[in-house]
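Subject: Structure for your review

Dear colleague,

Please find the structure below, handed over for your use. My notes on what was found in it follow.

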Amino acid sequence: MNDDPAYTGQTFKSVGTRPLRPDGVDKVTGRARYGADFTMPGQLAGLVLRSPHAHATIKKIDISKAEALPGVKAVVTSQDLPDVTGGDRELLPILENCMARKKAFYDGHAVAAVAAIDMPTAKAALKLIEVEYKVLKHVTDVDKAVEPKAPVLHKDCFTRGVDPKPEKPSNVAKVSTFGHGDVDAGFEQADVIIERNFRTEQTHQGYIEPHACVASISPDGSGDLWVCTQGHFVFRQQCAQLLGMDVSKLRVTSSEIGGGFGGKTHLWLEPVAMALSRKANRPVKLVMTREEVFRASGPTSATSIDMKIGVTNDGRIVAGDATLRYSSGPWAGSWAMLGAMTAFACYDMENVKTTGMEVLVNRPKTTAYRAPSAPMAAFAVESVLDELAKRIGMDAVEMRIKNAAKEGTQASYGPVYGPIGIGPSLDAAKNHPHMKAKLGKNQGRGMACGFWFNFGGQSCTNLNISMDGSVTLTVGTIDVGGARASLSLCVAEELGIPYEQVKTVIGDTGTLGYNEMTDGSRGTFASSMSAIMSARKAIDEMRHRAAKMWEISPDDVIWEDGHARAAGDTNLPPLSIADIAAAAEKSGGPIAGHTQLVADGAGVSFATHICDVEVDPETGSTRVVRYTVIQDAGKAVHPTYVEGQFQGGAAQGIGWALNEEYVYGEDGRLQNPGFLDYRIPVCSDLPMIDTQILEIPNPNHPYGIRGVGETSIVPPLAAIGNAVSNATGVRMTHVPMSPPRILDALDEASA
Amino acid sequence: MSMLVSTTVNGDSMEFVCDASETLLDSLRDRMGMTGVKEGCGTGDCGACSIMLDGALVCSCLVLGAEAEGREIETVEGMSDGSKLHPLQQKFLEHAALQCGICTPGFLIAAKALLEKNPDPTETEIRYALAGNLCRCTGYDKIVRAVQDAAKVMNKKGKKA
Amino acid sequence: MQYIAPEKISDAVEALSQAKGSVHLLAGGSDLLVRMKGGFIEPDVVVDVKRIKSMGKIKKAGGGFSVGGAVSCAEMGDNDALKKAWPGVVEAAQLIGSDQIQGRCTVVGNMCNASPAADSVPALIAADAQAVIQGPKGERRISVAKFAKGPGQTSLKAKELVEAVELPKRPAKSGDAYLRFIPRTEMDIAVVSAAVSLTLGAKGVVREARVALGAVAPTAKLVPAAAKALIGSKLDDAALEKLAAACAAACAPIDDKRGTIKFRTRVASVLGRRAALIAYERAGGKL
């Protein structure tokens with residue numbers, strides 16, 4: 001069997017078409033079951049008590065009154081979730097975040113939870129829990145947190161990644177540095193250097209479905225968890241470890257997922273639900289309210305970025321140097337590192353240096369949000385590049401074309417690129433009709449580029465051929481936006497059968513080996529590679545079965561157009577999959593293909609966005625009036641859903657650029673934990689979002705597939721900033737570019 | 001205080017018992033099994049729980065279950081005609097107007113309410129009419145196109161009849 | 001919690017009188033249920049007024065209109081006569097939340113919630129609307145301009161409810177308009193808002209005017225100086241300048257998550273001017 005993942009260069013029959021998605025009818029009729037739509041027999045209602053303080057020592061928790069309330073079946077605190085992580089640096093913060101231990105680190109941090117026979121009882125019980133806090137000084141701002149006098153969150157936090165090890169603890173958890181060349185020498189060659197500080201505020205993924213799960217832990221040490229997640233295998237692994245269970249004894253079933261965008265890659269409620277269930281000895285359902293989602297689940301980082309770039313008068317970037325501070329919540333993440341890696345990834349630079357600092361603050365634990373950390377870095381880089389182009393009198397697109405990375409370029413974060421799409425996306429932008437369209441009064445046009453790595457990793461799939469010849473593909477990656485259609489298309493392509501004969505399902509953790517999450521735009525890339533290999537194995541098996549049926553050598557059976565054919569000049573009629581499947585009982589039993597692999601070589605992804613805005617000079621209000629996304633998708637398996645990813649990312653970026661932000665009060669409490677004041681774009685805020693798909697095959701995938709999901713959120717902040725600058729003449733350095741900030745900038749410019 | 005409420009959901013008479021403070025959203029989901037009605041916020045800001053209540057488009061999270069007494073409710077579960085999808089459902093599928101799908105029931109109900117009132121809306125009218133329904137996946141582009149296309153199909157049918 | 005849905009005003013007043021503990025009126029519920037959900041209130045009794053027939057109607061009254069306390073904003077938008085006479089009031093009512101919210105919410109509820117940012121209230125004040133109040137002592141009337149006492153505070157006494165709001169008779173050549181500033185295009189609470197109602201005399205000269213601002217003080221407020229700036233003018237630049245200055249001078253806003261003092265003050269002037277121009281055009285004035 002051919003298990004070579006290399007690009008085949010084949011022409012496609014199924015891949016690239018646009019059939020209806022297999023989960024569609026359930027989703028338009030209300031039948032699809034999401035996290036909160038599942039009920040177990042005997043299920044209890046759970047609720048979580050959360051800290052009202054941004055930073056406080058928990059002196060005492062008295063649960064006796066709550067436990068005594070009739071109908072209450074369990075009350076848990078951190079004592080019911082003892083630390084069994086054995087010092088695991090990744091796991092312990094997850095546990096500490098799910099349930100505060102000695103300290104509450106942010107407004108909304110869970111401190112206790114109850115399970116009761118119904119919601120009114122659970123609510124009443126929550127009020128009977130008495131928590132004695134000692135309120136501590138807090139810090140929520142990323143710049144203030146690095147000041148010498150800032151309250152330090154963890155006394156044992158000594159900055160990692162610096163030599164020598166600091167003598168004092170601080171809120172800078174980690175420093176990561178990337179780059180090559182000599183930036184000082186580079187700036188010497190520059191004719192123009194621009195140096196600016198940029199700030200971006202904290203945003204939330206804003207998925208419409210709040211976190212929800214139902215946990216049932218049995219006294220025999222086994223358990224079931226129903227949950228909306230981007231990775232049920234990862235959830236199983238971590239939950240079992242945190243609860244001290246054998247991993248294989250916990251079965252996790254993923255519900256349909258009502259949006260994640262990175263926010264459902266992380267545990268928030270699940271270990272708590274399991275602890276409640278273990279204590280109550282009954283299934284427990286936990287569902288977050290929207291307020292809890294905002295206060296206590298995965299926002300992205302707030303950032304403060306010092307950006308310095310130098311160019312020669314002919315538009316060559318000679319040096320770039322950036323220091324990027326990313327808020328990480330109360331525990332270290334890799335957010336600044338990702339920002340430092342992605343910042344200059346679009347460009348071919350001789351001298352480049354980036355320094356990322358993970359900054360701890362009294363805000364909820366940061367988690368991934370679509371191309372995590374890249375949009376903020378791109379905002380800074382692409383804003384300065386636009387300004388530099390203006391200063392030297394060069395067209396912004398031309399300057400980027402001149403500096404674009406290409407095959408063979410050493411990326412600023414280390415590796416050497418294969419075939420990539422930044423140059424082609426810029427050429428496409430240059431030639432796009434949008435670039436030539438006329439602008440109206442108070443309007444301006446901006447463009448910007450973006451990059452995302454894309455991930456690969458562990459995948460495991462089963463492909464089973466039924467007796468009628470129809471095919472079930474079982475995968476372990478969550479379908480967040482149409483992947484089941486794409487994977488069915490790939491299997492149909494490989495087997496040579498119609499799409500309608502392939503059903504892709506997402507198996508629970510009992511059905512497959514470990515699968516990494518649907519993150520890093522890996523779902524379709526990695527699972528399709530595994531699915532194609534499974535199909536190839538099944539084809540191999542079917543060739544052998546056909547050989548048996550024909551009583552010829554398997555070497556004389558070829559596979560063509562979904563049929564086994566005997567090689568050479570024979571009278572043997574070709575056998576369809578249905579023919580072979582029907583005879584399976586006599587030829588060796590069920591026919592299947594199973595694959596486990598580590599998908600390497602996820603092709604990197606680049607995009608260029610063009611955007612027109614109109615700014616009301618009297619109110620500072622900004623409307624996006626036209627938007628175009630150009631992105632390299634590798635092979636677009638289901639182009640409609642590729643467009644959907646492009647459009648969705650752009651819309652999220654537009655919201656981030658203009659209106660979305662966490663607002664904290666002086667008291668360290670989140671002031672806008674709801675969709676009323678955390679303003680994601682509504683339908684009337686946006687224009688149609690035009691898309692252009694470029695298909696530069698990924699050499700490391702049989703069909704040339706790359707990840708497509710994330711890159712589209714990277715350019716919008718800068719594209720809008722540049723458009724606002726071209727509309728008004730002011731350079732916006734603080735995101736969101738809300739009306740008061742734009743009016744202030746206009747005032748400053750006219751003063 | 002518990003209340004016994006008699007109501008009509010998608011043409012069927014139903015009775016349920018709920019606490020007087022329970023929302024109709026919870027009653028629909030937990031007492032009547034209509035989990036197609038989704039909770040995204042519970043405060044009327046996302047539209048995922050949209051239903052028709054006596055012909056008015058409302059957020060069921062902002063209605064008490066007790067208020068449903070004697071009233072008629074339509075949810076996404078009652079939208080198709082047997083196995084035949086409503087044109088809006090069909091067009092949402094064809095245009096890939098859903099990715100995760102959690103907002104879809106609310107959008108379908110709101111779009112149906114719009115087209116019943118205004119069978120031939122402009123793009124702007126569609127966008128404003130659907131502003132109470134948040135979608136975080138699609139950027140709304142394909143949703144608006146699906147509604148435009150459904151309106152076309154429904155108007156053609158209307159003319160034939 | 002007890003839920004009561006009386007069918008007569010007198011029964012509602014009786015229910016309010018009999019109720020023990022915290023009692024809340026339910027009209028559209030778009031504020032009440034949000035507060036219940038957030039745990040800000042835990043009512044002992046909720047009195048739903050939507051089954052009171054007289055409160056569910058828009059009636060012509062005294063040459064003007066009476067909008068019942070249970071009439072949804074969507075129903076106001078469906079009433080062509082009302083829309084024609086008071087387009088600014090109706091557009092204000094139809095800016096509250098989404099179509100879904102408008103299917104439930106009422107302008108009386110908006111008034112009783114007494115938020116300084118309530119959308120319909122500045123328009124009602126500019127329209128010189130009156131609230132019709134029922135209570136144990138019978139009926140009384142109060143100008144909407146005087147109804148709110150502060151954020152969340154109204155001049156309703158215990159056991160009283162607002163049966164309807166009355167809009168006066170509209171003279172010929174009149175127009176009103178309401179504008180608000182929000183960061184998005186829909187679904188937000190007004191950061192600042194302005195309503196203008198005008199009646200023109202001969203040759204397009206403004207004869208009467210009322211200007212009200214929202215979200216710039218503890219309650220939505222009437223700004224007589226702004227009205228005065230318009231009266232006698234044809235909305236020339238000088239009059240509009242004066243109006244803008246009067247609007248700014250009337251502002252005493254706060255800094256909060258939705259806006260700053262500076263922004264609110266500045267944009268109040270912009271909106272006052274823009275609303276005046278729309279109202280003027282609606283009144284048949286030509287610029």
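**Backbone features in loops**

In chain C, M187(C) sits in the loop that runs between β11 (174–181) and β12 (192–200); helices (H or I, at least four residues) and strands (E, at least two) are DSSP runs, numbered from the N terminus. This is a predicted model, in which local features need pLDDT of at least 70 and side-chain atom pairs count only at pLDDT 80 or more, while totals for chains, interfaces and linings use all residues. Residues are numbered from 1 along each chain as its sequence is written, chains are lettered from A and ligands numbered from 1 in the order in which they are written, and side-chain values use heavy atoms, with hydrogens and water left out.

Although M187(C) is not a glycine, its phi is positive, at about 75°. M187(C) counts as buried, at 5% relative accessibility (buried means under 20% relative accessible area, exposed over 50%, partly exposed in between, with a 1.4 Å probe and protein chains only). In chain B, D54(B) also has a positive phi, near 50°, and is a residue other than glycine. D54(B) belongs to the loop between β3 (50–53) and β4 (56–59) of chain B, and with a relative accessible area of 43% it is partly exposed.

One joins D163(A) and P164(A), with omega about 0°; P164(A) is in the loop between α5 (142–145) and β7 (172–180). Another runs from V735(A) to P736(A), with omega near 5°, and P736(A) lies in the loop between β27 (734–735) and α21 (739–750).

**A covered helix in chain A**

Helix α3 (residues 91–98) of chain A is mostly covered, as seven of its eight residues are buried. These are L91(A), P93(A), I94(A), L95(A), E96(A), N97(A) and C98(A). The buried residues of α3(A) pack against β5 (110–116), α7 (232–243) and α8 (270–280) of chain A, where contact means heavy atoms within 4.5 Å.

**The surroundings of E22(B)**

E22(B) is placed in the loop between β2 (12–19) and α1 (24–31) of chain B. E22(B) is buried, with a relative accessible area of 11%. Its side chain makes a polar contact of 2.8 Å with the side chain of S27(B), and a polar contact of 2.4 Å joins the side chains of E22(B) and R31(B). A polar contact is a pair of N or O atoms within 3.5 Å; within protein, one must be able to donate a hydrogen and the other to accept it, and residues adjacent in sequence count only if both atoms are side-chain atoms. Leaving aside neighbours within four places in sequence, E22(B) is in contact with S27(B), R31(B), V63(B), L64(B) and G65(B).

**Cysteines**

How many disulfides are there over all chains? The count is zero, a disulfide being a pair of cysteine sulfur atoms within 2.5 Å. The sulfur of C611(A) is too far for a bond, because the closest cysteine sulfur, in C449(A), is 14 Å away; C611(A) counts as buried, at 0% relative accessibility. For C112(C), the closest cysteine sulfur is in C73(C), at 13 Å, which is too far for a bond. C112(C) is partly exposed, with a relative accessible area of 27%.

**Domains of chain C**

The domain assignment of chain C gives domain 1 (1–51) and domain 2 (174–282), with bounds that come from an automatic or database domain assignment. The C-alpha centres of these domains lie 35 Å apart.

With kind regards
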